[in-house]
Amino acid sequence: MTAAAPALEHAPPLTEPAEEDLALLLGIRAFELTLLDLFGKGMLNGTTHTCLGQEYVPVALEPLLDPRDHVFSNHRGHGHYLARHRDPEGLLAEIMGRRGAVCGGVGGSQHIRRERYLSTGVQGESLPVACGVALHLRRAEPGALACVYIGDGSFGEGAVYEALNLASLWSLPLLVVVENNGIAQSTPTADGLAGSIAGRAAAFGVEYRHTDSVDVNVIREQLGPAVRAVRAGAPLLVEFATRRLGPHSKGDDTRPAEQLERLRAGDWYQRYARDYPERFQRLDRQARERMAAVAEDVAARGLS
Amino acid sequence: MRVAENLNAALHGLLERTPDLHLLGEDVTDPYGGAFRITRGLSTRFPERVLSTPISENAITGVAAGLALAGESAIVEIMFGDFATLAFDQLVNFAAKSVSMYGSRVPMRMVVRCPVGGGRGYGPTHSQSLQKHFLGVPGLALYEVSPFRDNAEVFAEMFARQEPCVLFEDKVLYTRPMYQVPAPFRLEQPDGRGTARVSLDAAAEPDCVVIAAGGVAERTLEAMRSLLLEQEIVCTLLVPSRLYPFEVELPPGRQVFVVEEGTAGGTWGAEVAHVIHSAHWGRLDRPVTLVHSADSVIPTAPHLEREVLVSAGTIHRVIQETLRG
């Protein structure tokens, strides 16, 4: 279930974002666009998965999280990392295998660990691990939580269900963030997921919230109380009806042009640009300039 | 003391001395104390850290990895080692990889205990010895319980590695006594690698060296005894504690046999043979001879199971035929 994307002119106005939030959103967008550009120039090795269209999810959640919280991410994790650590240099160096790489170039785009942030490349795998961390936190650092980002496609994996069962049984401080972008690689969610994500949460007695907003202020208001309850041991599953604007990895998008056009019309980028044009243009320019400088710097570095 | 009691005592001691250690598994809490009663009494003493879990091998192995990631330590009991296949992703793709895939070494103190082996009529999916499927994974070490090494020592060594370990426990061993070998053989204390040696008192070079992990050590000793009494063939037995990465200090001997209960094909013995060939090729009369179970599922009916599993008779026959033709 993706957000029905009304044409841009009909989308209601977004509340005014804090300067820092908009800058972070635009910074992640610029990072991902830079990656696709570098790929196009043959300057990146392997593959990468961009979060174009989904940047607002971790940006909205960041202030709801505490520095003591653990964050688990997945293959599409650049936004999650940048929202947590604001470190485009380290991440790009990791992806390019250059000096200053967060994980020495071993992990690459999908396997990043820095302090309490960790990503892995196998679908659903991090959920049981996050349960283990949550078990530790419950005992050793009460009030802290483990937050796991997964996608709609991850619900094909049994690990997700085993973990939801444990989290509910053991009252673990586990926050599961589902970025339902309506597509798993090339398969529409409707072709891979019977029933609903809400139904899955209900089956395990796990609290559930749904949002189709891209407004970071609104999302924080919607989710704040439920996230606070996680800290007291009420696991929560939040489903974001979101949109993936780019390909799964690179050049592998089989969706028709009109569908992508519809998705772009609901993009936070277009809506913030429409509602706060001056500030948006200024911050967007700054983000692009900064990213161009980062890319130039990192590309010129020695190997990791 | 029996092997099961030694294991149980090791776990009691570990939980007592290691305040951050958790033990997770299906049905491990009292009064049941695990399908093989190895965890008996633990949950009564350490109720917060000994947890019975749902039937979710994948998740509980992931939970252990999460605890390890957070700096704690964990033991997982897989009720039957056959079910470790359900935890393969967490072990191979997450726990073992996490040690090195994030660019700097991440300590992962976790042990997955796997009761394995047949001889009890449990049939094809509850009798396997799946050691070979876990060989050669970077960051994953494999151990096997033996009656000749204190399990408290084995656990201490595994946790000191700071990487995930799998501990294989042959089910038939649980009821056997520790540290006993049949006359006239003599047991020597394990060496620095934890490898125990059983030989005749004579310091003379034996006719062959047999390498067998804990689960088949008793059968091998039975064969060694009948070979000695009936054929005057003298064997020295090595029982390694760590199966992988495999290292051995090979005593004098120009014929080497490796015995295991796993079925034919891609065996642990093949790995051992490679290690020995690389280091000792020049002194061997012939390549290392592998002794293992048949290339077959493990049947339930006792007469059929006997035909498949490696036995003292198999070991006797192979060694006799190889040495005497």
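User: Which domains does the domain assignment of chain B give?

Analyst: Domain bounds come from an automatic or database domain assignment. For chain B that assignment gives domain 1 (3–173) and domain 2 (186–324). Residues are numbered from 1 along each chain as its sequence is written, while chains are lettered from A and ligands numbered from 1 in the order in which they are written. This is a predicted model, where local features need pLDDT of at least 70, side-chain atom pairs count only at pLDDT 80 or more, and totals for chains, interfaces and linings use all residues.

User: How far apart do the C-alpha centres of the two domains of chain B lie, and how many residues are in contact?

Analyst: Two residues are in contact if their C-beta atoms, placed from the backbone, lie within 7 Å. In chain B the C-alpha centres of domain 1 and domain 2 are 26 Å apart. Contact joins 25 residues of domain 1 of chain B to 27 residues of domain 2 of chain B.

User: Which elements give two or more residues to the domain 1 side?

Analyst: Start with how elements are named. Helices (H or I, at least four residues) and strands (E, at least two) are DSSP runs, numbered from the N terminus. On the side of domain 1 of chain B that touches domain 2, the elements giving two or more residues are β5 (141–144) and α5 (151–160) of chain B. β5(B) has the largest share, four residues.

User: What classes of residue make up that side?

Analyst: Ala, Val, Leu, Ile, Met, Phe, Trp, Tyr, Cys and Pro count as nonpolar; Asp, Glu, Lys and Arg as charged; the others, Gly among them, as polar. The side of domain 1 of chain B that touches domain 2 has ten nonpolar, ten polar and five charged residues.

User: How do I read the sheet in chain B, and what is its strand order?

Analyst: Two strands pair if DSSP finds at least two bridges between them. Chain B has an open sheet of seven strands, ordered β2-β1-β3-β4-β6-β5-β11, with mixed pairing. Its edge strands, β2 (50–52) and β11 (242–244) of chain B, each pair on one side only. Within chain B, β3 (73–77) and β4 (109–116) pair in the parallel sense over five bridges. I75(B) has V111(B) in β4(B) as its bridge partner.

User: At what angle do the axes of α6(B) and α9(B) cross?

Analyst: Axes are lines fitted to C-alpha atoms, for helices over the stretch in contact, and angles run from 0 to 180 degrees between N-to-C directions. The axes of α6 (214–231) and α9 (312–324) of chain B come within 8 Å and cross at roughly 45°. Under 35 degrees counts as roughly parallel, over 145 as roughly antiparallel, 65 to 115 as roughly perpendicular and the rest as oblique. So α6(B) is oblique to α9(B). Residues making the contact include R219(B) and A223(B) of α6(B), and I315(B) and R324(B) of α9(B).

User: Where does chain B touch chain A?

Analyst: Contact involves 22 residues of chain B and 23 residues of chain A. On the chain B side, α3 (57–69) and α4 (88–98) each supply at least two residues. α3(B) gives the most, with nine residues. That side of chain B divides into eleven nonpolar, nine polar and two charged residues.

User: How does α6(A) meet α3(B)?

Analyst: The axes of α6 (158–169) of chain A and α3(B) come within 8 Å and cross at roughly 70°. Therefore α6(A) is roughly perpendicular to α3(B). Among the residues making this contact are G158(A) and L166(A) of α6(A), with N58(B) and V63(B) of α3(B).
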